[in-house]
Amino acid sequence: MLPFASPLPDAAQTSAHEEAYRHLSHGIRMGLLKPGDRLVADDIAQSIGMSRMPVREALRRLTAEGLLVMPPNRGAVVRELSESEVIEVFEMRAVLEGLAASMAASRCTRADVDDLTDLLSTMKRCEGDRSEWITVHRRFHERLCRISAAPRLMEQISALHSVVEPLMRIWLENNAPSPLLQKHHEQLLACLQAGDAERLERDIRSHVRGTVDSITQAMRAGRVPRGKARPRG
């Protein structure tokens, strides 16, 4: 049975295609489906109790988002990122999240600060649970960026998070979250509260770029599987 066979909490309220997409996306992001794993539509459909067609649609959607590739005669395979691709994705994240943060600085409300403060507290509490820490970490970044009230920008940022989240989970199997990361996030929140758009954009970019250095170093050391560059399209 596939590792994501149990339905998500509110899956019943979605279409079959959306349910299949969410199951697969969840499995990839959580690291249950590893880079290089082959996904067979018939097996997935049987596992989650639906027909093959919506699963195939979900596989095509995930391929378009860059989470899967479809080599000839192999079906869908969870994509492996090369080091250069990881650097590219993190650079895009740095620029787009910096832009969203600068836009958020003038829109931040007390409710936004309270939400982000709660997320920081949760990150602190779950430092011993690396998988949960990654989930809350993503929520913090996306919650901050959503203050920008720029939905198209948020779509791009969320898509980039989905691409790198599996790699970050693999990386954290060998690296506990550093206490410095908590302090960095607290400083980002302080900049947001101060309404300092220029500094917040600069600090967000530096923060995101600092993460990619650790991950690429781990890739070179062999602790994270290095993907092979694949043709796009």
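Visitor: At what angle do helix α4 and α9 pack?

Guide: This is a predicted model, in which local features need pLDDT of at least 70, side-chain atom pairs count only at pLDDT 80 or more, and totals for chains, interfaces and linings use all residues. Residues are numbered from 1 along each chain as its sequence is written, and side-chain values use heavy atoms, with hydrogens and water left out. Helices (H or I, at least four residues) are DSSP runs numbered from the N terminus, and axes are lines fitted to C-alpha atoms over the stretch in contact, with angles from 0 to 180 degrees between N-to-C directions. The axes of α4 (residues 83-104) and α9 lie 8 Å apart, and the angle is about 165°.

Visitor: Are α4 and α9 roughly parallel or antiparallel?

Guide: Angles under 35 degrees count as roughly parallel and over 145 as roughly antiparallel. The angle of α4 and α9 is about 165°. The two helices are therefore roughly antiparallel.

Visitor: Is the crossing of α7 and α9 left-handed or right-handed?

Guide: The axes of α7 and α9 (residues 197-221) are 11 Å apart, at an angle of about 65°. A crossing is left-handed if the near helix is turned anticlockwise from the far one by less than a right angle, and right-handed if clockwise. The crossing of α7 and α9 is left-handed.

Visitor: Which residues of α7 meet α9?

Guide: Contact means heavy atoms within 4.5 Å. On the α9 side are T211, S214, I215, A218 and M219. On the α7 side are L167, M168 and W171.

Visitor: Is the crossing of α6 and α7 left-handed or right-handed?

Guide: The axes of α6 (residues 130-146) and α7 (residues 151-172) come within 10 Å and cross at roughly 160°. These helices are therefore roughly antiparallel. Their crossing is right-handed.

Visitor: The charged end of R61 sits over the ring of which residue?

Guide: A charge sits over a ring if NZ of Lys or CZ of Arg is within 6 Å of the ring centre and within 35 degrees of the ring normal. The charged end of R61 is 3.5 Å from the centre of the ring of Y21.

Definitions and conventions:
Parallel < 35°, antiparallel > 145°, perpendicular 65-115°, else oblique.
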